[in-house]
Amino acid sequence: MLLIHCPHCGPRAQAEFVFERPLESIIQIDEALPDLIPKLYSRVNPKGPSWELWRHTYGCQSWLKLHRDTHNHTIHAVLEIGQTPEGGDA
Amino acid sequence: MSQTLRQTKGGRIDRSRTIRFQFDGKTHKGFEGDTLASALLADGVKLFGRSFKYHRPRGVMAAGIEEPSALVGAGTAGRYEANTRATDLFIYPGLKAVSQNRWPSLGLDLLSGISLISPFIPAGFYYKTFFGPPKLWMVYEHFIRMAAGLGKAPKVADKDGYEHRAAFCDVLVVGSGPAGLAAALAASASGAKVILAEQDRELGGSLLTDAATIDGQASDEWIAAATTSLLAKGGRILTRTTAAGFYDHGLLNLIERVTEPGQAPGADGLAQRLWRVRAGQVILATGALERPRLFAGNDLPGVMLSGAVRTYLNRYGVRTGQKVVLTTDNDDAYRTALALAEAGAQIVAILDSRAASAAGNSLSLRRAQTRLPVHFGAKLIAAKGSAKGVKSAKALIDGQITNLVCDLIAVSGGFSPVVHLHMQAGGTLSWNETTGAFSPDISRQNQTTAGAASGADGLGQTLTSGWEAGLAAAKALGLKGSSVKTPPACAEADDQVCRSLADWLPAPQTNLKKAFVDYQNDVTAADLDLAWREGYRSVEHMKRYTTLGMATDQGKTSNLVGLARLALAEGRPVPSVGLTTFRPPYTPVTLGVLAGEHTGAHLSPRRRPVLYQVHAAQKPIWQPVGYWHRPRAYPQGREDLHQSAHRESLAVRTKVGVTDVSTLGKFDVVGPDAAAFLELVCATTVGKLAVGRGRYTLMLREDGMVMDDGTVWRVAENRFFLTSSTGGADRMSAHLSYVRKVLAPQLKVTVANVQEHWAAAAIAGPLAKAVVENLMGEGAAPRHMSLGFGPLAGIPTMILAASYSGERAFEIYAPSHQIGPVWDAIVEQARGLGGCLYGLEALEILRIEKGHIVVGGEIDGRATADDLGLGKMLRPSGGFVGATALGRPAMSDPQRLQLIGLEAISGTIPEGSMLITAKGAVPCGHVTAAGMNVVQGGSIALGFLQGGRARLGDVLTATSPTRKQAAQVKVVAPVFYDLAGDQYRD
Ligand SMILES: [Zn+2]
């Protein structure tokens, strides 16, 4: 079980969080149909660093952006949604 | 027979405390400190069980958790624990243990005849049988099921307590042998908060078998001093606690046996405890396990691991043989030989597979050479004997086949470091060709390995590696250096070195069909060879085909022997063959401790509506809805569910009914952008809603399917009240949050989940308006789909005029803590007008008749608004969640399943039935909800039919093959009552 450092609550067990989706699979309201299909049905499953949307559902309920390495579970960054990482892109 | 093999003194048992217990119904005596295995061995018991596949007689092979053969059931009724190791079960008064896998009794196992047909049960037998004629499998299956299988699961619930605890520490040390203790002392002396977990009931590990002098003290004193020191510095020591799993980010599961298997717990009722420990650094000092060797009959009772023989002698005071043959590839077995000789046993021969020139020169070896028959370059070909034990051994000595009379064969095939946790944590291994051992290489987590688990050889190395690991862990945590500067030192370090020289080749004369690799699953060397010849080259395939290492011991003693056999066949080095995955748990874990407190009523929360007690007084039939418990029906007198529900629904149709709708999802949506926000979530028009008015609405998923339905009310210009289904309320709450925070963070709107802030009563029926106006005054009842406010029973309430039943209806909302008097007044008034309470079952009947859809019924995640006949409600301009996906061509396929109504022509439409055409019986749809016409009677249903809206008038069959029920049905529009909707209005 991962240990996720919520920016509001500190280090908390993964059981308190819910994984939502890779950030790149967020579907905007006005998403065009050709862009929608891969986001809905053929999502990438990267091996390595990935930006992901999580929610601290059983904690502060905030939406978080995690930069997680799916290969070894290293979590490089946890940011509030809307926050941008220093020097990075998300 | 009573403790005949027990030494008169020595060992860690307390001879002044006799413990009586039963094995297979016979009473035995042992001493405090005995395991079941040591106590029975002391009593001369050799036969402990029958093997899994061939029912071969098996005894005890090991002295610890790695035991593959001596599995027993312990305890009775709900406390019965199957497949537990006799070597890992400390006896207690009243213990009742039974052997397994024999019929009718251990001594007389009629199924042992199976071993006669063993040539017909080769490797991959099950797979091969699958490819044979199916009828043959039927024959085999019956036979195999009766014969094979380990212990039986208990049939009675376990009433004992199991608890989960979380803990945090700087350094977790697993294993309390010399390495673990040294590591814990070093970390602790550096200021680290330490947890030390030991699976045994005493600290000490190998020191419990081989006493030594450490830092000038006897090892017992050193262990006691270490314990005192650790506790004094705030450390936690957990004995009888196994680290079963190593997970991500330094999380380990420790299983603490508070009681022994089958033992009644103390006053706290607790049998086992699961610790979830999050550790900053982990030091694995898990030791090494001795490996058996390949020779025919290596599974007979009386063939034991050399280290185990020494443990039984030194720790438990049991001399397991009188005439002993040892076979080894290392110096450690010489210590066993010397200890046995000192205890009066005759050492018949020590067969050392190493050449004299390659053997070690430990003190033990040199001592043995002077007084015992040592043969270098010698191997064992076969052990001979019966269920009563070994009688002789056939050995290859100086190229000659020699028969040796013996009653015990002590075996050492080298040592495998216990790397399981290291591997679970994602680590890698390195191979030592000389010792034939994998030891930890790279760690992927904040974890190191120390002692024999890291490949250290001898007590000196072990103590030093533990100490260094402890210091390194403390340093990695940024702690100050240790107050103690030097590692614990031992005398006679050289005596403890074993210098294994791995030798995987059995003597050429060996009958490999009787040379067992995996004792628990009965896999022989011949089986592995056969699998290889049949093309199973990958170790993972080999494992599954032969079942090597797949038993409850997960191949602790067998895996490497099997790997080496495969490597030999391949002509490749062992590491290139690969390893199977190390998966938790390290040793078997009871389901009870995994469940912990989460059983029965504690499995999931039970949510009680605020009026729960009020309903309970009516003795309703309850129904779980998600986590909620709601009344399903309020039977009167001797009514059953259906009679009650029919009476209740008839009351709604003809007079008035009252039901509790407090559990609905409810949200306050407030702000200048509230309407804009709701138009993202709701697929219907919201912005044009006038203040004081409401609408039925649909919320879609991103893939265009309907997610939920509800009503949306404009309470004020910038304030809306949104309701959604009870079961989907939590999902809706998350969805609203997602849209608000992720998709539309720019909107000025606040969304509050007020599900439990409001409680509500729904009043429905031709007299519903009269109920409201009698209570709240003339003109207080809003018209259909409008809202109003007013006091009721002195409580401020909100009235929403919405109908689910199809009748004129009102939902009266009051703050949850004030709903009591409101509910009472409404119910009293309704009863006065001839009405009654109605539950979920009546609600279901009424909504089916009216063709109203429900989440989990028609809203099943596969239906679009158009499929549900609600396509016209959607906002044509789009701009809501799910709008884009509706453009997919598949969404407008005319052959999609569409909502239709069904009327029975004959019979009663079965619940959950499928729709098939009368001709050709082609499946074309299904029934989602079956009900009845409340007033006229007759069986009706809602369902989905391919291209259904164009098939009104068709005659189909609704059939439920599992219930063997069917009805002829006519396809009609999905509404059976008040088609014009006149009943809603005044
Ligand atoms: Zn948080």
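Visitor: Which residues have the most contacts inside the largest nonpolar core?
Guide: Keep in mind that this is a predicted model. Its largest nonpolar core has 58 residues, and nonpolar side chains tend to be buried together in soluble globular proteins. The residues with the most contacts inside that core are B:Leu36, B:Leu95, B:Tyr312 and B:Ile350.

Visitor: Which domains of chain B does this core draw at least three residues from each of?
Guide: Chain B is divided into domains numbered up to domain 6 (893-984). The core takes at least three residues from each of two stretches, 1-155 and 292-410. Those are domain 1 and domain 3 of chain B.

Visitor: What is B:Leu36 in contact with, leaving aside its neighbours within four places in sequence?
Guide: B:Leu36 belongs to the group with the most contacts inside the core, and one of its partners, B:Leu95, is in that group too. With the sequence neighbours set aside, the list is B:Phe21, B:Val72, B:Ala86, B:Leu89, B:Ile91, B:Leu95 and B:Ala97.

Visitor: How many residues does the second, separate core have?
Guide: This one includes residues of chain A, A:Leu23 and A:Leu53, along with B:Phe667 and B:Val881 of chain B.

Visitor: What distance separates the centres of domain 3 and domain 5 of chain B?
Guide: Taken over C-alpha atoms, their centres are separated by 79 Å.

Visitor: Over to the metal: what is the site of the zinc ion, tetrahedral or irregular?
Guide: The donors are A:Cys6 (SG), A:Cys9 (SG), A:His56 (ND1) and A:Cys60 (SG), at 2.0 to 2.3 Å. Ideal angles for four tetrahedral donors are 109.5 degrees. Here the angles among the four donor atoms run from 106 to 114 degrees, and the site is tetrahedral.

Visitor: How many residues apart in sequence are the parts that A:Cys6 and A:Cys60 tie together?
Guide: The zinc donors follow the spacing C-x2-C-x46-H-x3-C along the chain. A:Cys6 lies in strand E1 (residues 3-6), while A:Cys60 sits in the loop between strand E4 (49-55) and strand E5 (63-69), so the pair ties together parts that are 54 residues apart.

Visitor: How many disulfides does a search of the whole structure find?
Guide: Take B:Cys490, which is buried, with a relative accessible area of 19%. Its sulfur is 14 Å from the closest cysteine sulfur, in B:Cys498, too far for a bond. Over all chains, the number of disulfides found is zero.

Key: Residues numbered from 1 in each chain as written. Chains lettered and ligands numbered in written order. Predicted model: local features only at pLDDT ≥ 70, side-chain atom pairs only at ≥ 80, totals over all residues. Heavy atoms only, no water. Donors = N, O, S within 2.8 Å, 3.2 Å for Na, K, Ca; no water. Tetrahedral: all angles 85-135°; square planar, octahedral: opposite > 155°, others 65-115°. Helix = DSSP H or I, 4+ residues; strand = E, 2+ residues; numbered from the N terminus. Disulfide = S-S within 2.5 Å. Buried < 20%, exposed > 50% of the residue type's maximum accessible area, 1.4 Å probe, protein only. Core = buried A, V, L, I, M, F, W, Y, C linked by side-chain atoms within 4.5 Å. Domains from an automatic or database assignment. Contact = heavy atoms within 4.5 Å.
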